[in-house]
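Student: Please take me through how the copies in this model are arranged and how they meet.

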2 protein chains.
Amino acid sequence: MEANPLIAALQASGHRITRQRRVVLEVLEGSQEHLDAEALYQKARQRSPRISLATVYRTVAVLKQMGLVAEYSLGEEHGHFETVTEAPHYHFTCLGCGQVVEFDAPQVVLAIQELAEREGLEVRAVQFSLTGYCVQCRAGGRDDR
Amino acid sequence: MEANPLIAALQASGHRITRQRRVVLEVLEGSQEHLDAEALYQKARQRSPRISLATVYRTVAVLKQMGLVAEYSLGEEHGHFETVTEAPHYHFTCLGCGQVVEFDAPQVVLAIQELAEREGLEVRAVQFSLTGYCVQCRAGGRDDR
DNA sequence: TTGTAAATGAGAATCATTTGCAATAACGCG
DNA sequence: CGCGTTATTGCAAATGATTCTCATTTACAA
Ligand SMILES: [Mn+2]
Ligand SMILES: [Mn+2]
Ligand SMILES: [Zn+2]
Ligand SMILES: [Zn+2]
């Protein structure tokens, strides 16, 4: 009875559907970019001006523990969020222009499975991200540091 | 002329060898554990009581940019440090008992090289760590969450 | 329509890390 | 060895990200 599957899932798990949760979810779904809490907050407030940053954090926290949203690091001091999709993928962030390149890495997934099996580990979370310089930034001089 | 190679490298790069740098380096080298800034600070202060936390941070920062020490995340909100050795290795942290399992993963290194080549990227830093439950913690009931 | 518990907003609190600045100490040189 | 220059330090205040407290609002089951 609810159009949005994310909202439906939230609802199904016994959470109340508030305007702010709906908005945060919409922003998250309607963006290809990799948003951090502040960006999410700015976008959300365009639709719901009175929303607070704390609510943004609280909302992604709920979505995270439900497995609907993933938080990951792009090498910065704060987290970024993205809705969880079928295929797992990872990120490379250019230190020059900031662009994020997404890539999939089945070999990495395999390596993890092997390790887990060999050592008897139960892997709950994987953190994998790269930083460096993209083609454009490497070309355009400024090969600093 | 300097016994410790790390100290020698620091010196060679034009940095002054201070008591506190020597101490931080010694603590880092003489520990198998994965120390965070606070732990490093506590251990360092046993040898040099007046050292400050700020100096610990400043020291690891210098060592990091020289490539002598690596900072990585173990899933917590703060960083951990370890001296850089020949073979790159990664970490799995048990959410139950806190133990850290180190492992090497050539497949991951390969996957990164391939990606870099294919996309023309220059990878400067790799962040790869796992969290979950170790064999002991999985066995000993408490299969919470 | 109402009661009740969940969720929110605002701001204070917390944590990790960084920074400003005056005092201290390394070390190249005479 | 004794100095002078300047990097480095200690301390405290500043910052940035995220969490928490608490009074107020709101979702939603009955
Ligand atoms: Mn992505
Ligand atoms: Mn290690
Ligand atoms: Zn770039
Ligand atoms: Zn364990």
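Student: By what turn can chain A be laid on chain B?
Tutor: This is a predicted model, in which local features need pLDDT of at least 70, side-chain atom pairs count only at pLDDT 80 or more, and totals for chains, interfaces and linings use all residues. Residues are numbered from 1 along each chain as written, chains are lettered from A in written order, and side-chain values use heavy atoms without hydrogens or water. Superposed by least squares on C-alpha atoms of residues with pLDDT of at least 70 in both, chain A lies on chain B with an RMSD of 0.1 Å and a shift of 0.0 Å along the axis, by a turn of 180 degrees. The copies are thus related as by a two-fold rotation axis, and the C-alpha of chain A nearest to that axis, 2.1 Å from it, is that of Phe128(A).

Student: Why do the copies meet through the same surface?
Tutor: With contact meaning heavy atoms within 4.5 Å, chain A gives 32 residues and chain B 31 residues. The surface is the same because the interface residues of chain A that are also interface residues in chain B amount to 97%.

Student: Which element gives the largest share of the side of chain A that touches chain B?
Tutor: Helices (H or I, at least four residues) and strands (E, at least two) are DSSP runs, numbered from the N terminus. Those giving two or more residues to this side are α5 (106-119), β6 (122-133) and α6 (135-139) of chain A. The largest share, twelve residues, is that of β6(A).

Student: How many bridges join β6(A) to strand β6 of chain B?
Tutor: Strands pair if DSSP finds at least two bridges between them. Thr131(A) stands opposite Ala125(B) in β6(B). The two strands run antiparallel, and the bridges joining them number eleven.
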